[in-house]
Amino acid sequence: MRAVARSTCTVGAFEAAKHDRYALNRLGRAWKFFQPEPIGARVRPADPVLVGPGVWTAAMATTALALVTVGFVGATAWQHNETVALFALLSLTASCYVSVRSGVEWRWMKERRQAKDREYQHKPAVTTRGDVFASKIDRQFSHYFARYAPRDADPVLWLSETVGIRRALRDEVVTLYRESTVNAKRVAWLTRYLVADVARRWEEGTLWDYRKKLRVPVLLKMRCVLTSIAAIVAGGFLVWSAAHVRPLFVSLAAIVALASVWSTARLWLRIAAEYRRHSADKREKERLLAGRRAAFDRWKRKLDDRPDDLEMARWLECDRKVLMEQAMDLYRLKRQDVLAHAFIEAPATPFYDRARIENGPWRYSKYKILLFLLTKDGARQLTQHLDFRKATARSRARINYRYDAFTSVQVAETDNGENVFELTLTNGDPIKVKVTDPPTDVTETEDRDPQNASQLTLGTAGLGNALHVLEGVAAEGRAWIAFERQREKVPQAEVSRAVNAMFA
């Protein structure tokens with residue numbers, strides 16, 4: 001985990017590292033370390049019943065007025081012909097009941113389909129400038145909609161026809177999880193689930209099934225219209241019968257009854273349709289929540305065998321040894337040719353993931369590893385990019401320089417809090433490597449002590465011992481190696497006495 005002043009790696013250690021770097025199912029588990037703790041499943045609650053006191057008051061008042069006026073007309077018709085009045089009243093009551101029930105279903109289905117169409121209409125998502133969370137959710141949906149495109153589907157057609165659904169789902173996730181302490185990566189599991197569900201329904205041809213389910217059947221329309229006509233006929237027949245007894249009063253009552261029945265039907269239709277909508281919304285939200293909870297539980301189970309920090313450190317140590325062997329083979333060096341070596345690990349910019357346990361150093365999904373081999377002829381530097389999750393390396397860079405080419409070695413902290421290693425040579429541009437990231441906002445990392453994390457990362461990156469080696473060479477040249485070995489042989493007590501004697 002750190003640079004050493006003398007090379008002690010053996011052939012046996014190299015062979016063990018080749019095997020151990022894949023131990024404990026690294027390729028199947030290492031990526032899980034960089035997955036944040038997922039946040040639980042949520043859905044937007046069903047909108048409450050939107051029926052105000054004024055609507056209830058109007059419905060009660062018009063209902064009472066309708067009952068009084070229709071009752072007066074019916075009682076008057078009874079005086080003229082009991083059989084006709086009874087038949088007309090029964091027909092009117094039954095027709096009104098069936099007509100209203102059919103009307104409620106008709107109105108609910110029509111309004112619900114229109115609401116779904118408005119929700120999925122092709123409107124681009126709007127992200128407020130500076131809204132970091134919403135911007136990251138945007139990128140998640142764009143990434144997964146492109147990644148999970150259905151098989152044999154035209155990507156352009158797929159993205160264009162689902163733009164409304166994508167916007168609706170994105171808006172829901174942003175609304176549900178926009179909190180000051182929520183990292184967007186913690187809800188990536190939900191984004192994947194939602195996109196995969198859309199892709200599955202696209203392949204099954206059920207993505208727009210709501211339009212079929214909410215299409216008002218012709219029979220329902222006919223039943224509503226015919227029963228309404230039957231109610232009008234029955235009411236007219238009742239008025240005609242009652243008009244034989246009291247023409248003037250029945251005419252006035254009929255006008256009031258017609259207006260009150262019409263208003264009553266409209267108000268109760270609105271109320272019943274709203275309750276029907278609320279009930280359907282609740283059932284839909286329960287179904288959505290059950291599906292999301294199942295997806296959340298599956299993701300949690302998948303992360304159960306997440307590696308701990310010690311395993312990550314062991315795998316990285318094996319990667320170092322493998323790189324050490326490759327470097328020695330590349331430079332055709334034997335073990336005794338390497339007088340000392342040093343490692344520096346830094347995040348491989350620009351794209352990488354990082355994670356840490358509590359009070360632990362940052363671990364990166366991609367590393368830029370610098371290996372310095374000190375030999376009798378000078379220093380060899382090998383730079384390699386490591387994909388830690390896949391245990392693969394690429395893009396080697398080799399530099400050789402003499403000991404007298406060292407000018408200075410330092411680690412500088414930039415204005416934004418980054419720690420940058422800088423090696424200056426007599427010829428050429430300085431070698432600069434960003435060793436740690438700047439402390440980020442607590443809302444993103446949920447880190448209580450970002451400065452402490454940065455210091456721990458510097459320690460595990462091998463920087464301290466690398467500086468010890470390189471600064472010594474920069475100051476004393478090749479002679480530093482011999483001096484260092486002599487210093488290691490001097491007992492600590494003698495060093496203390498010599499120091500005290502200098503200041504006596």
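Among contacts in the protein chain between residues at least 6 apart in sequence, 75% join residues at least 24 apart. Contact here means heavy atoms within 4.5 Å. This is a predicted model, in which local features need pLDDT of at least 70, side-chain atom pairs count only at pLDDT 80 or more, and totals for chains, interfaces and linings use all residues. Residues are numbered from 1 along each chain as its sequence is written, and side-chain values use heavy atoms, with hydrogens and water left out.

The protein chain has 17 helices and 9 strands. Helices (H or I, at least four residues) and strands (E, at least two) are DSSP runs, numbered from the N terminus. Of the 504 residues in the protein chain, 43% are buried. Buried means under 20% relative accessible area, exposed means over 50%, and partly exposed lies in between (1.4 Å probe, protein chains only).

### Helix α8

Helix α8 covers residues 188-204. Its 17 residues should span 24 Å at 1.5 Å a residue, and the end C-alpha atoms are 24 Å apart, which agrees. The expected span of a helix is 1.5 Å times one less than its number of residues.

Which residues of α8 are buried? They are Ala-188, Trp-189, Leu-190, Thr-191, Arg-192, Leu-194, Val-195, Asp-197, Val-198 and Ala-199. Their cover includes α5 (132-147), α6 (155-161), α7 (163-177) and α11 (247-302). Just after α8 comes Gly-205, with a positive phi of about 75°.

### Two helix pairs

Two packed helices are described by the angle between their axes and the distance between the axes. Axes are lines fitted to C-alpha atoms, for helices over the stretch in contact, and angles run from 0 to 180 degrees between N-to-C directions.

| Pair | Angle between axes | Distance between axes |
|---|---|---|
| α8 and α11 | about 125° | 10 Å |
| α3 and α10 | roughly 60° | within 7 Å |

Angles under 35 degrees count as roughly parallel, over 145 as roughly antiparallel, 65 to 115 as roughly perpendicular and the rest as oblique. The helices α8 and α11 are therefore oblique to each other. Their crossing is right-handed. A crossing is left-handed if the near helix is turned anticlockwise from the far one by less than a right angle, and right-handed if clockwise.

On the α8 side, the contact uses Trp-189, Leu-190, Arg-192, Tyr-193 and Leu-194. They meet Gly-291, Arg-292, Ala-295, Phe-296, Arg-298 and Trp-299 in α11. The residues of this contact of α8 with α11 divide into 7 nonpolar, 1 polar and 3 charged. Ala, Val, Leu, Ile, Met, Phe, Trp, Tyr, Cys and Pro count as nonpolar, Asp, Glu, Lys and Arg as charged, and the others, Gly among them, as polar.

The second pair joins α3 and α10 (residues 218-242). These helices are oblique to each other too. The crossing of α3 and α10 is left-handed. Val-73, Gly-74, Thr-76, Ala-77 and His-80 in α3 meet Leu-238, Val-239, Ser-241 and Ala-242 in α10. The contact of α3 with α10 holds 5 nonpolar, 4 polar and no charged residues.

Val-43 is found in the loop between α2 (26-29) and α3 (53-80). Is Val-43 buried or exposed? With a relative accessible area of 17%, Val-43 is buried. Val-43 touches Glu-172, Leu-176, Lys-285, Leu-288, Leu-289 and Arg-292, not counting residues up to four places away in sequence.

Val-43 and Arg-292 are 249 residues apart along the chain, and their C-alpha atoms are separated by 8.6 Å. Arg-292 also belongs to the contact of α8 with α11. Glu-286 lies in helix α11. Glu-286 counts as exposed, at 52% relative accessibility.

Leu-27 is found in helix α2. It counts as partly exposed, at 47% relative accessibility. Leu-27 touches Tyr-22, Arg-389, Lys-390 and Ala-391, not counting residues up to four places away in sequence. Leu-27 and Lys-390 are 363 residues apart in sequence and 5.8 Å apart in space, C-alpha to C-alpha.

Ala-391 lies in the loop between β5 (378-387) and β6 (392-401). Its relative accessible area is 3%, and Ala-391 is buried. Phi of Ala-391 is positive, near 55°, in a residue other than glycine.

Asn-359 also has a positive phi, of about 65°, although it is not a glycine. Asn-359 sits in the loop between β2 (354-355) and β3 (363-364). Asn-359 is exposed, with a relative accessible area of 59%.
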